[in-house]
Amino acid sequence: MAQSTLIPSPPQIAGSSYILMDSKSGRIIMEENSHERLPPASLAKMMTAYIVEKELADGRISKTDMVPISVRAWKTEGSRTFVREGTSVSVDDLIHGVIIQSGNDASVALAEYIAGSEGAFVDIMNQQAQLLGMKDTHFENATGLPHDNHYSTAYDLAILARAIINDYPENYPIYSKKTFTYNNIQQPNRNGLLWRDDRVDGLKTGHTNEAGYCLVASAKRDNTRFIAVVMGTKSSKAREQEVQKMLNYGFRYYQSERLFRAGQGLMDARVWAGQSDQVAVGLTRDVYVTIPQGSRNELESVVDLDSVIKAPIKIGDELGRVKVMLKGDVLVDQPVLALNEVPEGGFFKRIWDAIKLFVIQLFQ
C-alpha cells in the first residue's frame with residue numbers, strides 16, 4: 001500500500017488560530033481559524049523588517065547608514081534594543097534589534113528613517129500588505145503595540161513569512177541568530193525553538209495581554225521548508241510546543257518537490273510560418289508541489305499545446321498548459337510559455353507552410 005494513503009488527521013493545536021504552509025508551493029497542510037482577525041503583537045515587526053529588507057535590496061538605504069535616534073523612538077515602551085536618544089545607530093544594528101530583540105525603539109527609529117515618521121511608514125506597511133495579498137491585515141504602528149484597529153491573521157502572517165524567506169534570502173540568516181548585543185546588553189532571541197530544533201531557523205515571536213503568546217516559525221529539512229503560525233496560546237512554552245507539533249507532522253508526512261525549473265524547456269513545439277520551425281516551451285518560474293512522503297514516482301504530467309502555433313512568437317507567449325496529477329488530483333495547472341522568439345518567416349516560407357498546414361488539416 002502506498003504511504004500516501006496512511007496520513008493521519010493533523011494533531012489538535014491549542015491556540016486561537018494556526019496554519020502550517022509549505023514555503024515553496026504555498027500549499028496549506030493544516031489550519032484552523034486561519035483567516036480570523038486577531039491582534040498580531042510583535043509579529044507586526046515582520047512587516048517592518050520586510051520593508052527594511054526591500055529598501056536595502058532596492059538600494060535606497062544601506063546597512064552602514066547611521067540612523068538618528070529621536071526622543072520618540074527612545075521613549076517607545078515595551079521590549080527594547082536600548083538605543084539612546086541623540087545618538088546614531090547603523091541600519092544593520094537596528095534590523096538585528098528588531099528581529100532578534102523585538103526592539104520597539106529600533107522599529108520606530110527605522111520607520112522614521114525610511115518614511116520620515118512612523119505614521120507615514122505605517123501607510124507603507126499597509127500598502128505592502130495589500131501587494132502581498134494580506135487581505136485581512138491592517139497595521140497601526142511599526143511595533144505591534146496594542147491598538148483597536150491593528151490586526152492580522154495566521155494565514156496573512158504565513159504569507160508574509162513566505163515573502164521574507166523567498167524574496168530576500170540574503171537577510172534571512174538574521175532570523176536564526178540566538179542572541180544580539182547592543183549597548184553592552186545581550187538579549188536572547190525569544191524564539192525558543194532555535195535552541196530545541198536544529199531545523200528551525202526563524203522567524204518571530206509576539207506577546208501582549210490581548211494577543212496572548214504568538215509564534216511564526218520556519219524550519220527546513222533537506223529540500224522541504226514549512227512555515228508554522230500559532231496565535232493566542234497561553235504561554236511562551238505553549239506556543240513552542242504547538243508549533244513543534246505542526247512542524248513534526250509536516251515533516252513526517254509531507255515533502256516539497258521542485259517539478260520544473262525556471263527557463264527549463266519541457267519540449268519543442270512545431271511552429272508554422274516562422275523563420276524557425278521549432279520553439280522551446282517551458283515555464284518562467286520554478287514550480288513546486290507538496291506531496292505525501294514517498295509519492296514522487298506517482299506523479300503524472302501532461303503538456304497540452306495549442307493545435308496550431310504560428311509565428312511571430314515572443315518570449316513569454318502562452319502556447320498551451322501543463323498539468324501535474326497525483327492519483328487523479330490536479331496539483332499543477334498553468335500555462336507553458338515560449339522560451340525563445342520566432343520571427344515571422346519570409347513570403348515564400350509563409351505561403352509554403354500555409355499550403356502544408358491546409359493539407360494536414362484537410363486529412364485530419
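Guide: Here is a close look at the sheet and its helix. This is a predicted model, where local features need pLDDT of at least 70, side-chain atom pairs count only at pLDDT 80 or more, and totals for chains, interfaces and linings use all residues. Residues are numbered from 1 along each chain as its sequence is written, and side-chain values use heavy atoms, with hydrogens and water left out.

Start with the sheet. It is open and has 5 strands, in the order E2-E1-E9-E8-E7. Their pairing is antiparallel. Strands (E, at least two residues) and helices (H or I, at least four) are DSSP runs, numbered from the N terminus. Two strands pair if DSSP finds at least two bridges between them.

Now the edges. Strand E2 (28–32) and strand E7 (200–208) each have a single partner strand, so one side of each is left without a neighbour in the sheet. From one strand to the next, the twist averages 5°. Such angles run from 0 to 180 degrees between N-to-C directions, with axes as lines fitted to C-alpha atoms, for helices over the stretch in contact.

Next, one pair. Strand E1 (residues 17–22) joins strand E9 (residues 224–233) over 6 bridges, in the antiparallel sense. Within this pair, Ile 19 stands opposite Val 229 in E9.

Finally, the helix. Helix H8 (residues 236–253) packs on the sheet. H8 touches E1, E2, E7, strand E8 (212–221) and E9; contact means heavy atoms within 4.5 Å. The direction of H8 makes about 150° with that of E9.
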